[in-house]
Amino acid sequence: MFGGEQKRVSIRFINPLLDTVVERFGFGAETFYKPDDDTHFIATTDVEISDQFYGCSPMVGMTVSVAVAVEESLK
């Protein structure tokens, strides 16, 4: 969709972003959501790594609220 290489990523969000994240990534066989602690959850899904991925809502302006765990090759 955005022309980047497809990768599996795990992204850690604060709990209040759950509805926004579900809107962005949806529910599917390849998308998983799990609690991480009392205030965070982790979404694991396949994404196309592109400028749009790094700039997508809900990640814009939320560097304190979001942590992305990606393969070393993406750094």
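# Reading the labels in a predicted model

Trainee: Why does His40 count as buried?

Mentor: In this predicted model, the relative accessibility of His40 is 15%. The label "buried" requires a value under 20%, so His40 counts as buried.

Trainee: Where does His40 lie, and which residues does His40 touch?

Mentor: His40 lies in strand E3. Leaving aside residues up to four places away in sequence, His40 touches Arg12, Phe13, Ile14, Asn15 and Pro35. The C-alpha atoms of His40 and Leu18 are separated by 9.2 Å, and these two residues are 22 apart along the chain.

Trainee: What makes the link between the side chains of His40 and Arg12 a polar contact?

Mentor: The distance between these side chains is 3.1 Å, and the limit for such a pair of N or O atoms is 3.5 Å. The value is within the limit, so the pair qualifies as a polar contact. The side chains of His40 and Thr39 are likewise joined by a polar contact, at 2.9 Å.

Trainee: How do you know that strand E3 is mostly covered?

Mentor: Strand E3 spans residues 40-49, and eight of its 10 residues are buried.

Trainee: What makes E1 and E2 partners of E3?

Mentor: Pairing requires at least two bridges between the strands. Strand E1, residues 5-14, is joined to E3 by 10 bridges, while strand E2, residues 32-35, is joined to E3 by four. Both counts meet the requirement, so each strand pairs with E3. E1 and E3 run antiparallel, as do E2 and E3. Ala43 in E3 illustrates this arrangement: Ala43 is the bridge partner of Ile11, and Tyr33 stands opposite Ala43. A hairpin of four residues joins E2 to E3.

Trainee: How many aromatic pairs are there?

Mentor: The count comes to three aromatic pairs. One of them is formed by Phe27 and Tyr33, with 5.6 Å centre to centre and 70 degrees between the planes.

Trainee: Are Phe27 and Tyr33 buried, partly exposed or exposed?

Mentor: Phe27 has a relative accessible area of 68%; the label "exposed" requires over 50%, so Phe27 is exposed. Tyr33 has 23%, which falls between the limits of 20% and 50%, so Tyr33 is partly exposed.

Trainee: Why is the pair of Tyr33 and Phe41 called tilted?

Mentor: The angle between the planes is 50 degrees, and the centres are 6.5 Å apart. Phe41 has a relative accessible area of 6%, so Phe41 is buried. Ring pairs link Phe13, Phe27, Tyr33 and Phe41 into a cluster.

Trainee: Why does Thr31 count as buried?

Mentor: Thr31 has its place in the loop between helix H1 and E2. Its relative accessibility is 12%, which is under 20%, so Thr31 counts as buried. The side chain of Thr31 makes a polar contact of 2.9 Å with the side chain of Thr45. Residues up to four places away in sequence aside, Thr31 touches Phe25, Gly26, Thr44 and Thr45.

Key:
Residues are numbered from 1 along each chain as its sequence is written. This is a predicted model: local features need pLDDT of at least 70, side-chain atom pairs count only at pLDDT 80 or more; totals for chains, interfaces and linings use all residues. Side-chain values use heavy atoms; hydrogens and water are left out. Rings of Phe, Tyr and Trp (its six-membered ring) pair if their centres lie within 6.5 Å; planes under 30 degrees apart count as stacked, over 60 as edge-to-face and the rest as tilted. Buried means under 20% relative accessible area, exposed over 50%, partly exposed in between (1.4 Å probe, protein chains only). Helices (H or I, at least four residues) and strands (E, at least two) are DSSP runs, numbered from the N terminus. Contact means heavy atoms within 4.5 Å. A polar contact is a pair of N or O atoms within 3.5 Å; within protein, one must be able to donate a hydrogen and the other to accept it, and residues adjacent in sequence count only if both atoms are side-chain atoms.
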